Amino acid sequence: MQFRYFACICILFAGCVVQAKEAQRIIALAPHIVENLFAIGAGERIVGTVEYADYPQEASDIVRIGGHNGIALERVLALQPDLVIAWQSGNKKTDLDKLEKLGIKVIYSNTKDITKVAEELRLFGRLTGQNQQAKRLAEQFTARLQALKTQYKNSASLRVFYQLWPEPMMTINNNTVVHQLLDVCAVENAFADNATDYPQISIENVLQTNPQVIVLPVEKSKKVMPTIDWQAWPEIPAVKHKQFIEVDADLLHRFSTRVLDGVTDMCDKLQRARTHYQQQ
């Protein structure tokens with residue numbers, strides 16, 4: 001097979017590594033990594049992945065080597081990967097250190113900035129030789145993201161509580177990707193200034209922030225998800241005005257090209273909430 005050689009690939013916020021040839025056997029250690037590899041046409045090169053990597057449909061056939069609690073190193077070795085792509089904030093560092101000590105090449109996906117999805121697509125394109133498709137998708141992603149920002153940048157103020165998890169109740173501050181997505185919709189995150197990225201909060205905390213909208217992310221799960229009876233607190237504007245919106249967590253919480261589908265839907269629903277308040 002004809003391989004393309006190049007001296008060095010700069011990894012997102014992770015320095016530089018020498019890449020001798022196009023990766024042929026990849027282990028992808030996060031659902032969004034799987035999605036992005038399939039998006040650029042390199043999905044068939046994934047030989048192992050983790051739980052919850054369920055998109056596209058073909059991903060369900062990939063061998064599982066672990067999940068958020070860690071990976072099975074013996075399974076990784078048995079698959080003989082020439083590249084492992086890890087999630088910098090979502091995989092156990094001890095596992096990744098062991099892989100590197102065993103001589104397996106590991107690079108990292110950094111999911112701190114939504115604009116970097118385009119850079120990650122280009123990176124994956126260079127690693128797999130899928131440069132043209134990756135470049136095209138990256139340009140489309142950047143253009144679409146900018147169009148959404150432009151569409152909503154002059155919108156009326158709207159105070160939003162993003163209920164990341166119901167029990168224990170958790171939300172997000174301004175140091176998270178989800179906050180960046182809310183910012184695309186030009187709304188105010190009620191807990192933006194919290195000192196913790198993903199703070200655990202109480203009903204009293206929500207009452208103090210007085211949100212006009214409560215955003216409820218919904219994810220696919222076989223488990224029965226806990227719920228909160230918000231109707232017990234009618235003094236909250238969002239409750240009084242029945243301004244609850246459901247969004248797709250599998251879109252919004254993954255650092256992939258599909259995140260913009262989730263943002264488009266969320267911004268549209270938040271715009272309807274704006275219209276509601278403007279008509280009061």
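Which strands and which helix do the buried residues of H3 pack against? They pack against strand S6 (70-71), helix H2 (73-79), strand S7 (83-87) and strand S8 (106-109), with contact meaning heavy atoms within 4.5 Å. This is a predicted model, where local features need pLDDT of at least 70, side-chain atom pairs count only at pLDDT 80 or more, and totals for chains, interfaces and linings use all residues. Residues are numbered from 1 along each chain as its sequence is written, and side-chain values use heavy atoms, with hydrogens and water left out.

- Helices (H or I, at least four residues) and strands (E, at least two) are DSSP runs, numbered from the N terminus.
- In helix H3 (residues 93-101), Asp95, Leu96 and Leu99 are buried (under 20% relative accessible area, 1.4 Å probe, protein chains only).
- Viewed down the H3 axis, these buried residues fall within an arc of 95°, so they line one face of the helix; the arc is that of the directions from the axis to the C-beta atoms.
- Lys93 and Lys101 are exposed (over 50%) on the face of H3 turned away from its buried side.

**Where H6 meets H10**
- The axes of H6 (residues 177-184) and H10 (residues 259-278) come within 9 Å and cross at roughly 50°; they are lines fitted to C-alpha atoms over the stretch in contact, with angles from 0 to 180 degrees between N-to-C directions.
- On the H6 side, Leu181, Leu182 and Val184 make the contact, and on the H10 side Val259, Val263, Met266 and Cys267 do.
- By class, this contact of H6 with H10 has 7 nonpolar (Ala, Val, Leu, Ile, Met, Phe, Trp, Tyr, Cys and Pro), no polar and no charged residues.
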